[in-house]
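Q: I should like to learn how to read the features of a protein model. Could we go through some of them in turn?

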Amino acid sequence: MSEGFVELTVNGAPQALWAQESATLLQVLREILGLTGTKNGCETGHCGACTVWIDDVPRLACLTPVGSVAGSRITTVEGLGAWWEESHPSSHYHPVQTAFVEFGAVQCGFCTPGMLMAAAALLRDEPLPTEQEILERLAGHLCRCTGYEQIVRAIRQAALTEVKEL
Amino acid sequence: MTLHTRLVQPSTAEDVTRLLGEPESKIFGGGTDLVPNRTWGLDTSGTWVQLRAVPEATMISLDEEGQWSIGAAVTLKAILEHPKLPGLYPLLADAIMAVATPEIRNQATIGGNLCLDTRCRFRNQPPIWRLGLEPCFKSGGSHCYAAPASSQCVAILSSDTAPAFIALGARLKVHSRSNSRWIEALELYTGDGDRHLTLAPGEWIETIRLPSRPPLGVFDKWRIRKSIDFPEVNVAISVAPGENSREMRMVLGAVAPGPIRLREAERLLAQGPWDQDRLVLAAHTVTGAIHPYDNGQMGVVGRKRAAEHILYRALGKLRNMMGEKGVSA
């Protein structure tokens, strides 16, 4: 069987989709579920624009056949705010989302969803990362507009905000 | 993109072997190499066989003789996060940390990195780019664009962990239809870029076994972008101190269809103390030992110079490490 129902939990909602097993998770998210926040950049794993969380681990949706993650819990940039809100009911957005806006860490915005997912995962694992740790975690994310300065500053600020709240 | 590849998850080694015996079937590790190849029309497998339901292929375990085994389907992330392995085998941890990006390491498997398909700048391109070229050896043709006089494919093995495992003296458990056998890591590679693995149809790697006494070792890599790229050249060196002599392995990767053991440099370093001149001389032997082609991102001369440079750098680092551990150089 190369085609069939694939069950996933996407941003907290259970989904049963009819798809080719070897179709990428990126194709399923964007073309079947209409979740176009996850961007289709290079389709070869070089740019990081399609980063999503698969069972809470940041991975590249363009390199992931949907059949290989059947039954998994997927979080996309559309669900990041809701994920944060579960533990912080007063806030609809993750602190990195707010900080990206405050620091102008977005220009064309194409890399932003991937950057946000990587940064939020970093802050979850390491609440107060050093600049070096941030750069290492963003190694797989290309941004052709900002020069990364504002992005790193925004993530540092988000970390400080988050730590202050704890 | 063709979307008709079947994904299967057998739960026993026997079923994996049986499924791999079917035409056009291939092991699927993390997909970080296979899926982009599929996207660009370079992989046309009918079936992808996943190992994640085979217990032996998904475990990191320690046997009674003190040897660690890593299942082929274990992710690079899992090895880096293991409580013991990175501390015991820093050479391996450094090689894994040099692979691609955090997201790719979260997904890619160790068996997949060892069996990474060979790459060439004349083949690993989008379909529209390749339209202008007649097929090369690896694409079913009878020509090599990187080495026109060559009678075989010279595509590069870009694995970072292959030189590390060879330097460590790791052994691989290969499953076949009739039995299973152990091979040295270096025996996995044929030296032909088209069919670069010595595995026969239906054969596959289940586990990688590390030696019980970890040697001292270093890994180094040269690439264009430090954040992500495949190596232009990489090197792994290990020294296992013995009572009267020491066993040394120097392995260079990413300059040929398989890793290369630098035996001349090893001999030179075994002949006397590691003073500055000897390290320079040993590093220089690499220029005669390798014959890279113009199929990477850097040119031939650049890759030879990079190889010499990282070899010297790695030897210096290893000498310091040996000094700290009280091992005579």
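Q: Which residue just after H13(B) takes a positive phi?
A: Helices (H or I, at least four residues) and strands (E, at least two) are DSSP runs, numbered from the N terminus. Just after H13(B), the residue with a positive phi, about 75°, is B:Gly326. This is a predicted model, in which local features need pLDDT of at least 70, side-chain atom pairs count only at pLDDT 80 or more, and totals for chains, interfaces and linings use all residues; side-chain values use heavy atoms, with hydrogens and water left out. Residues are numbered from 1 along each chain as its sequence is written, while chains are lettered from A and ligands numbered from 1 in the order in which they are written.

Q: What span should helix H13 of chain B have?
A: The expected span of a helix is 1.5 Å times one less than its number of residues. Helix H13 of chain B has 26 residues (300-325), so it should span 38 Å; its end C-alpha atoms are 37 Å apart, which agrees.

Q: Which residues of H13(B) are buried, and what covers them?
A: Buried means under 20% relative accessible area, exposed over 50%, and partly exposed in between (1.4 Å probe, protein chains only). Among the buried residues of H13(B) are B:Arg303, B:Ile310, B:Leu318 and B:Met322. Their cover includes strand S10 (233-241) and helix H11 (276-284) of chain B.

Q: How many residues does the largest nonpolar core have?
A: In soluble globular proteins, nonpolar side chains tend to be buried together. A nonpolar core is a set of buried Ala, Val, Leu, Ile, Met, Phe, Trp, Tyr and Cys residues joined through side-chain atoms within 4.5 Å. The largest one here has 61 residues, and those with the most contacts inside it include A:Leu8, A:Leu25 and B:Leu92. Its largest share, six residues, comes from helix H9 (residues 161-168) of chain B. A second, separate core of 30 residues includes B:Val233 and B:Met298.

Q: Which residues does B:Leu92 touch?
A: Contact means heavy atoms within 4.5 Å. Not counting residues up to four places away in sequence, B:Leu92 touches B:Ile70, B:Ile79, B:Phe165, B:Leu168 and B:Leu210.

Q: Where is A:Asn11 found, and what is its phi?
A: A:Asn11 is found in the loop between strand S1 (3-10) and strand S2 (13-20) of chain A. Its phi is near 50°, a positive value in a residue other than glycine. With a relative accessible area of 28%, A:Asn11 is partly exposed.
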